[in-house]
Amino acid sequence: MNNISGFERYLLDPESLRAVSEATDLPTGRARNGQPSLSFRGIRLHSQGDPQAEAELLLESARGELDAALAKSVDEPVTCLIYGAGLGYLIQAICAYAPEGRIRIVCLEADAEVARKALQLRVWEPCNVPVSWVVGAGNRDGLKHCGNTANAVVFKLTPGYRANKAVYAEWLTSLDARVTAGRPMRILVPTPLYGGSLPIAFHCAEAFRELGHTVDVLDLSPWHPQYKAIESVTTDARHRKVLQGMYATYLSELIAARALDWNADLVWAVAQTPLTAGALDEMRHEGIHTALWFVEDSAVFGYWRELASHFDAVFSIQRGKFHDELKAVGAKHVHYLPCAANPAVHYPLNLSEADQQRFGSDVSFVGAGYANRQTLFAQLALKNFKIWGADWPAQSPASVYVQEEARRVTPEETAAIYAATKVNLNLHSSPHHAGVNPFGDYVNPRTFEIAACGGFQLVDSRSELAELFEAGKEIAVFKDAAEIPELVNHYLANPDQREQMAACARERVLKEHTYTHRLSGALSFLESRFRKLAERKRGPNYVSSLKQAAGDDEELLAFLSAFSDEEEIDLDKIVSRIEVGKGELTRTEGIFLLMKEFRDWGREKGVIQ
């Protein structure tokens, strides 16, 4: 991976990552204006005079289409698909033109060598929009990162497109087929007010978009200061609880109002999203499905007991006993869904010397100051050890390691810490143990995020961990506090082993443990149990969809009942079921025969394709 440090943030699937890593390094030429240029296989991919001006002309030719797409898409960003992006000058032109937050760019590049050179140079940086690359002629799996392409703007008038027209045509066909095969769901993602599950809600929204759905994020974090302000109104615990409960009820009704107004198919909540039983029942009554992803320890947060039965489905990072408890309180549909990472946020960083100095250490920990962590870290006496995060009491013996006044660190700072640290210590929280929880089951988000960032980690043993990562090959595991110093010293003395394990862990995450993987599975679970959601995704030619469109037309419904609900039919298949000359035709049969006659006439005259 020589000379491509920092490229990983743009490659969100394992096949693209592998293709670029293994590609040969092409020599770079210069245009007459001094900008980098590139020729490959005898074809000039950019103007020899002014590559950026050339890109702006290409943008100009598609500006009307882009403006129309921006005007049409108010709920989610427009996807700009660039086929054969070369060195990426068109990315730069689109970024400069489109409003921030209104677009995302996906570059599809058949030649890994070209993508490698583009990711080395990154001529489009700085860029204020999400950019990703799908690389490799056979990389069909990477197309999932193209998101909802129903309203996409396609750029294909490039020399790179002409050089690999057959490959790009196949990709276009695959994307078109995905759009026509099913309609996107409308998914509302309301966020928590604050806390560790807040960023997870945003990761979920991004993954739903990658899966091709229309997403609306109701960000409730701006309401958190008012919620906290209640604490300054009264010191009476009972009054404070009542007032905060009323405030949470208001926010819950806000979510229901938005779901109804926006005509959502699904409301996807994560742990600590403020939702009440009343609001959930209201949405159910209106035909809106709701799901909760409980990304917390059920032993610490117990409010699920009152709410689980009011969600249509509950997903959890624990299973076994917790699933039995959920079913006991009335949850009808329960499914195990581990945490994950977002490769667009969690990726290896190339740090400046100043950031390396600030965030770097031999050993570090990022997270809140739960009691078991305070106890364990205080007794370790590790050298060059840094603790980052909030809720670390000043009087705690472990506070000597806490950095920057125990403030909450941002996701970007967290990624920098993982990159700058030689051994990332990962200890799960526990309210019932002084150190390591010997019965720990769920695997926290940090486990996946460290791996996605290319960091090496030492994590406490969990019953579910072996199914997700291989100990000794991808991550290092300790069972009790006594093992930590020896393992830390071993891995500090063996940097090559650390780097190899970290690389394997990152590849495992990209292959199996992203939010896109998780939510694809979650939607499949929901569709298998709720017919309305399954039909929402289907194209209009499925019998079940046609029946829904038929409404209360009993004759048409009776005719369609001759087909399976799961069958996809067209006009020819419908007419083939009509027995002409064997009795009087029904009104429905006559209409279908007339439709076929008109279509066949139109095709003969060339006015219908």
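Helix H7 (residues 197-210) packs against helix H19 (residues 515-529) at an angle of about 75°, and their axes lie 9 Å apart. H7 is therefore roughly perpendicular to H19, a term for angles of 65 to 115 degrees. Axes are lines fitted to C-alpha atoms over the stretch in contact, with angles running from 0 to 180 degrees between N-to-C directions; helices are DSSP runs of H or I with at least four residues, numbered from the N terminus. The model is predicted: local features need pLDDT of at least 70 and side-chain atom pairs pLDDT 80 or more, whereas totals for chains, interfaces and linings use all residues. Residues are numbered from 1 along each chain as its sequence is written, and side-chain values use heavy atoms, without hydrogens and water.

From H7, Ile 200, His 203, Cys 204, Ala 207, Phe 208 and Glu 210 meet Tyr 515, Thr 516, Leu 519 and Leu 523 of H19, contact meaning heavy atoms within 4.5 Å. These residues comprise seven nonpolar, two polar and one charged.

Helix H1 (residues 14-22) and helix H4 (residues 112-121) pack at about 85°, with axes 8 Å apart, and are therefore roughly perpendicular to each other. Ala 19, Val 20 and Ser 21 in H1 meet Ala 112, Ala 115, Arg 116 and Leu 119 in H4. Five of the residues in this contact are nonpolar, one is polar and one is charged.

The largest nonpolar core has 76 residues, of which Trp 268, Trp 293 and Phe 315 touch the most other members. A second, separate core of 47 residues includes Leu 17, Leu 70, Val 123 and Val 135. Such a core joins buried Ala, Val, Leu, Ile, Met, Phe, Trp, Tyr and Cys residues through side-chain atoms within 4.5 Å, buried meaning under 20% relative accessible area with a 1.4 Å probe, protein chains only.

Notes
Helices (H or I, at least four residues) and strands (E, at least two) are DSSP runs, numbered from the N terminus. Angles under 35 degrees count as roughly parallel, over 145 as roughly antiparallel, 65 to 115 as roughly perpendicular and the rest as oblique. Ala, Val, Leu, Ile, Met, Phe, Trp, Tyr, Cys and Pro count as nonpolar, Asp, Glu, Lys and Arg as charged, and the others, Gly among them, as polar. Buried means under 20% relative accessible area, exposed over 50%, partly exposed in between (1.4 Å probe, protein chains only).
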